[in-house]
Amino acid sequence: QLQASGGGLVQAGGSLRLSCAASGRTFNNYNVAWFRQAPGKEREFVAAINWSGGRSSYDDSVKGRFTISRNNAKNTVYLQMNSLKFEDTAVYYCAAGPWGTVVGGQADHWGQGTLVTVSS
């Protein structure tokens, strides 16, 4: 089970750190990704990190502003979001699955979402 947290209300230009914690299983061998879905829009890929933390991928819209990392000892993946923009407002979901699956926009295991609201 994946549990996302850390969402909230922030002003444009501000920062938030999302966390995705695994319970009931260790996900040291899993690739983990963040997705988001804004109101009225389709879900989109944000970032992914492989099982060791040695490989990551980002959507162009967040490159240079967001950083994905993981602490396998804590079974947690993080998404540091800096220089937030109004258009980053969305429900953010963490998910796990094979690398090609998660960077392709899908996943085998999904957590519940956490809402990020960026005020302009």
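Here are a few worked exercises on the structure above.

The model is predicted, so local features need pLDDT of at least 70 and side-chain atom pairs count only at pLDDT 80 or more, while totals for chains, interfaces and linings use all residues. Residues are numbered from 1 along each chain as its sequence is written, and side-chain values use heavy atoms, with hydrogens and water left out.

**Exercise 1. Sort out the aromatic pairs around Phe35.**

Step 1: Rings of Phe, Tyr and Trp (its six-membered ring) pair if their centres lie within 6.5 Å; planes under 30 degrees apart count as stacked, over 60 as edge-to-face and the rest as tilted. By this rule there are two aromatic pairs.

Step 2: take Phe35 and Phe45. Their ring centres are 5.9 Å apart and the planes sit at 75°, so this pair is edge-to-face. Phe35 belongs to strand β4 (residues 31-37) and Phe45 to strand β5 (residues 44-49), ten residues apart. Strands here are DSSP runs of E, at least two residues, and helices are runs of H or I, at least four, numbered from the N terminus.

Step 3: take Phe35 and Trp110. With centres 4.9 Å apart and planes at 50°, the pair is tilted. Trp110 is in strand β10 (residues 109-110), so the pair ties β4 to a part that is 75 residues away in sequence.

Step 4: The ring pairs link Phe35, Phe45 and Trp110 into a cluster.

**Exercise 2. Is Phe35 buried or exposed, and which charged residue lies over its face?**

Step 1: use the cut-offs. Buried means under 20% relative accessible area, exposed over 50%, and partly exposed in between (1.4 Å probe, protein chains only). Phe35 comes out at 1%, so Phe35 is buried. Phe45 is buried too, whereas Trp110, at 33%, is partly exposed.

Step 2: look for a charge over the ring (NZ of Lys or CZ of Arg within 6 Å of the ring centre and within 35 degrees of the ring normal). Arg43 lies over the face of Phe35, at 5.7 Å from the ring centre.

**Exercise 3. Work out what kinds of residue line the largest pocket.**

Step 1: list the lining. Among the residues are Arg36, Gln37, Lys41, Phe86, Asp88 and Thr89.

Step 2: sort them. Ala, Val, Leu, Ile, Met, Phe, Trp, Tyr, Cys and Pro count as nonpolar, Asp, Glu, Lys and Arg as charged, and the others, Gly among them, as polar. That gives three nonpolar, two polar and six charged residues.

A word on the pocket rule: on a 1 Å grid over the protein atoms alone, a pocket is an open set of points where a 1.4 Å probe fits, with protein on both sides within 12 Å along at least five of seven lines; lining residues have an atom within 4 Å of a point.

**Exercise 4. Which residues does Lys85 touch, and where is Lys85 found?**

Step 1: find contacts (heavy atoms within 4.5 Å). Leaving out residues up to four places away in sequence, Lys85 touches Arg65 and Val118.

Step 2: Ser83 lies in the loop between β8 and β9, and its phi is near 50°, a positive value in a residue other than glycine.
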